[in-house]
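Subject: Handing over a structure

Dear colleague,

I am passing a structure on to you, with the sequence and the coordinates placed just below. Please look through them before reading my notes, which follow directly after.

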Amino acid sequence: MSTQRECLNCSKQFFGRSDKKFCSVKCKNDYNYEQRKGTKDITKVIDEILHRNRIILATLMGTKRTQMKVSRLELNRMGFKFDFITGTYKNSKKKIYHYVYDYAWMEFSSQEIMIVHSPKYLERFS
Ligand SMILES: [Zn+2]
C-alpha cells in the first residue's frame, strides 16, 4: 500500500511503500554519501533541525490560515524540536513568541500551542 512519507534526505513529502525512505535515487545517494562522510558539520545539523521545524509548522498551517492552535503532543509526534528557534518576541501581553524563521509558536496552555505565520517577519529588521 502506498502511503504519504517524508524523504529522509530532503524532507519532501512523497507517496511510496512503507519501507521506502527517499523521494528519489539522487536523495538516496546523497543521504548515503553524507552518512559515510561521518559526523556532519554542526551548523548543518542545526540548520536541518530548524528547516524541519519550519516545514512542520508550514505543513500544519497550510496556505490559507495565518494562525491556529495545535496540541503539544501533535508537534512532538511530528518531530518538532521546541529548543530550536531563530528568535523570540514578547508582545504587549507578555506572551513570548518563539520564531522559526517566518513562523512562530507560543504556549497557549500547558497542552496547546498557538502557531502563527508572519510573512512580513523580516521587515522588523530592515
Ligand atoms: Zn528527497
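An open sheet of 5 strands runs in the order β3-β7-β6-β5-β4 with antiparallel pairing, where strands are DSSP runs of E of at least two residues and helices are runs of H or I of at least four, both numbered from the N terminus, and where two strands pair if DSSP finds at least two bridges between them. β3 (67–71) and β4 stand at the edges of this sheet with a single partner strand each, so one side of each is left without a neighbour in the sheet. From one strand to the next the twist averages 30°, an angle taken between the N-to-C directions of axes that are lines fitted to C-alpha atoms, on a scale from 0 to 180 degrees.

Please bear in mind that this is a predicted model, in which local features need pLDDT of at least 70 and side-chain atom pairs count only at pLDDT 80 or more, while totals for chains, interfaces and linings use all residues. Residues are numbered from 1 along each chain as its sequence is written.

Within the sheet, β4 and β5 pair in the antiparallel sense over 4 bridges; Gly-87 stands opposite Tyr-99 in β5, and Tyr-89 has Tyr-97 of β5 as its bridge partner. These two strands form a hairpin with 5 residues between them, and in the turn Lys-94 has a positive phi of about 65°, although Lys-94 is not a glycine. Is Lys-94 buried or exposed? Lys-94 is exposed, with 6 other C-beta atoms within 10 Å; a residue counts as buried if 20 or more other C-beta atoms lie within 10 Å of its own, as exposed if 12 or fewer do, and as partly exposed in between, with the C-beta atoms placed from the backbone.

The pairing of β5 and β6 is also antiparallel, over 3 bridges, and here His-98 has Trp-105 in β6 as its bridge partner. In the hairpin of these strands, which has 2 residues between them, Tyr-101 takes a positive phi near 60°. A further positive phi, near 70°, belongs to Ser-11, again a residue other than glycine, which lies in the loop between β1 (3–6) and β2 (13–16) and is partly exposed, with 17 other C-beta atoms within 10 Å.

Turning to helix α2 (residues 42–61), its 20 residues should span 28 Å at 1.5 Å a residue, and its end C-alpha atoms are 29 Å apart, which agrees; the expected span is 1.5 Å times one less than the number of residues. In α2, Asn-53, Ile-56 and Leu-57 are buried. Seen down the axis of α2, its buried residues fall within an arc of 95°, so they line one face of the helix, the arc being that of the directions from the helix axis to the C-beta atoms. What covers these buried residues includes α3 (72–77), β5 (96–100), β6 (103–107) and β7 (112–117), whereas the face turned away from the buried side carries the exposed residues Thr-43, Lys-44 and Thr-59. Asp-47, also found in α2, counts as partly exposed, with 13 C-beta neighbours inside 10 Å. The helix is followed by Gly-62, whose phi is positive, near 70°.

Lastly, the protein is divided into domain 1 (1–38) and domain 2 (42–125), with bounds that come from an automatic or database domain assignment, and the C-alpha centres of domain 1 and domain 2 lie 25 Å apart.

Definitions and conventions
Contact = placed C-beta atoms within 7 Å.
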